[in-house]
Amino acid sequence: MARVLIERRIDWYGIFFAALLTLVIVFPLIVVGTWAFTNVWRFPSVIPQEFGIKYWQMTLARADVWSSITLSLSLSTVVTLLSALICLPAAYAFARLDFPGRNILFFSFLAGHAFPKFGLLVAIAGIFLQLNLIGTFWGVVLIQLVGTLLFMIWIPVAAFQAVDRRMEEAARDVGASPMRVFWSITLPQAGPTIAAAILLSFVGTFYETEGAWLIGAPQIRTLPVLMISFINNQPVIQFGAVLSVLLWVPSFIALLFARRVISSGSFARGFGA
Amino acid sequence: MSLTPANDIVGKNNGRGLTGLLLVAIPVFLVGWMIIWPIISAIGRTIWLPNEGGGRSFSLETYGFFFTDQYSLNNLGVTLWTTGVCAVLLVLICLPIALYLRFAKGRLAAYVQGLAIFPMFVPSIILSYAIIRVLGPNGTVDLLLNAMHLPKIRSPYLTPWGPVIGLVWDNIPLTVLILLSGLGNVSNQSIEAARDVGAGRLAVLWHIILPRISNSILVAVSFTVLGIFSAFTLPYVLGPAAPEMMGPFMQRTFRDLNDPTNAITQAVIAFCFCIVFGLFYVRSVAKNRSA
């Protein structure tokens, strides 16, 4: 009897989906990873003829790779800092203060997601053209900053609203000042979610390709933009593979820290589900 | 996503209204200047064209050109085709995964969920590169087929199917998350009740589950359409040079042909095709908030 029960509970659907998704999602990335550590891999052989890190040295010796890495890191840092500076106080205001037009203004941040993104970028580029912002660092900063607004306001608003008001009131009752309450009660509770939002916007900005390509290229060459030109014009396959592995590092860090926020339902609800 | 009703949180302090407005002023200004204004200006600039007299006058010339130019129409056609095929494929692929995840428990389900969300952490430029290495000419699939003495595949790279494969891959996580969140509203009791009166799996799916998640399916489709209609990176790298999708087409018109007026016309046309999905998306987020 017991054996029959256990056999009936084999999760065939699960095995099917796990195998299929492993093949479709993990396999292509393993291929790229293999290429990055390959010195020689000519056509008919199923596995590389020679493994090695020869191309890591060659890729990292290229001036265009280094300048793109520095540019991408400084762009993402500037955009994330500016975004935190303007969005976090706004998020606190949306969560805790009342002011005229609060609801309408809160939902106005959805506007950027209600239009096809590249069309919007072209419309913005039309305005930047008149302001001479095309091909400049600050033009790209502005366009990427707008891309972070929704996340950097909506996720922290949810975080501030989730803070237990009774604890704040209790602290006030025993004589803590409003600033003290904010630092000792509100921030520690809202902190992890806000940190995840900041991390997501850093990583999102790091990978932002379309704005950088339309507004910045060819003067502003971020890492993803450089990757496009490697794919289009670079006959040495390994350069692209090494760059892919390098490019993926921030994503890996985000994966480690942000999984909790993303698997919780609030993330999908942010998209209107 | 919701805001706490204002009367719960407000002190009776009147000065707070101004403080609140000041705190939100910069992000709201950015939305106005970088989203609302470009859209209004885009429409204005494409229907008030410069005339010989040096001023501007009303004209639909650029729109007339787009809808009579066979090349533009082909690009629009391939964009609509790609968007439609991707939306259908995404629902067909993600609905079974979401259904499985809704009812399964344990480590295998956690693994499947982890994999389904994983593409969110793979930037589309790495994805493009991976697809070229795997499905491109002499890619890994060709290597494996060759080793088994089978003929090579007809590579989807640089055909309209290249962007389709990439865009579906890229959009799996959000579609699964949105559908899964919708399935969270289907109670176990309603399914058990239907089972008790003898409904089969398909009947439960058709009569109990699908009606309850139809809104989530529409949200997922809207999100997909908005994302794919003007996708740039994947079609630019993986797609054919002609016909090209609206994203690369707009980019080429704007930068390479240096013709912003026609590029913005193409953008406005893209807005018009997506307006229904955009409005539906905003409406369902707003409705979700009041629930």
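In this predicted model, A:Ser108 belongs to helix α5 of chain A, which spans residues 102-108. The residue is partly exposed, because 18 other C-beta atoms lie within 10 Å, whereas a buried residue needs 20 or more. Its contacts reach the other chain: leaving out residues up to four places away in sequence, A:Ser108 touches B:Val28 and B:Val31.

**The contact between the chains**

Chain A contributes 84 residues to the contact and chain B contributes 90 residues. On the side of chain A that touches chain B, the most residues come from helix α2 (residues 12-36) of chain A, which gives 12. That side of chain A consists of 62 nonpolar, 15 polar and 7 charged residues.

**The nonpolar core**

The largest nonpolar core contains 161 residues. A:Ala91, A:Val122, A:Ile153 and B:Ala267 have the most contacts inside this core. Helix α7 (residues 137-162) of chain A supplies its largest share, 17 residues. One of the residues named above, B:Ala267, has contacts in both chains: apart from neighbours within four places in sequence, B:Ala267 meets A:Gly119, A:Val122 and A:Ala123 as well as B:Ala42 and B:Met250.

**Chain B as a whole**

Chain B comprises 13 helices and 2 strands. Its radius of gyration is 24 Å, well over the 19 Å that the globule rule gives for 291 residues, so chain B is more spread out than a compact globule. Further values for the chain are collected below.

| Property of chain B | Value |
|---|---|
| Box filled by the C-alpha atoms, along the principal axes | roughly 80 × 80 × 35 Å |
| Share of the 291 residues that count as buried | 44% |
| Share of contacts between residues at least 6 apart in sequence that join residues at least 24 apart | 68% |

**Domains of chain B**

The domain assignment divides chain B into domain 1 (1-59) and domain 2 (70-290). The centres of domain 1 and domain 2 of chain B, taken over C-alpha atoms, are separated by 31 Å. In the contact between these domains, 7 residues come from domain 1 of chain B and 9 residues from domain 2 of chain B. The side of domain 1 of chain B that touches domain 2 of chain B has 4 nonpolar, 2 polar and 1 charged residues.

Notes:
Residues numbered from 1 in each chain as written. Chains lettered and ligands numbered in written order. Predicted model: local features only at pLDDT ≥ 70, side-chain atom pairs only at ≥ 80, totals over all residues. Contact = placed C-beta atoms within 7 Å. Helix = DSSP H or I, 4+ residues; strand = E, 2+ residues; numbered from the N terminus. Nonpolar A, V, L, I, M, F, W, Y, C, P; charged D, E, K, R; others polar. Rg over C-alpha atoms; globule rule 2.2 N^0.38 Å. Buried ≥ 20, exposed ≤ 12 C-beta atoms within 10 Å, placed from the backbone. Domains from an automatic or database assignment. Core = buried A, V, L, I, M, F, W, Y, C linked by C-beta atoms within 7 Å.
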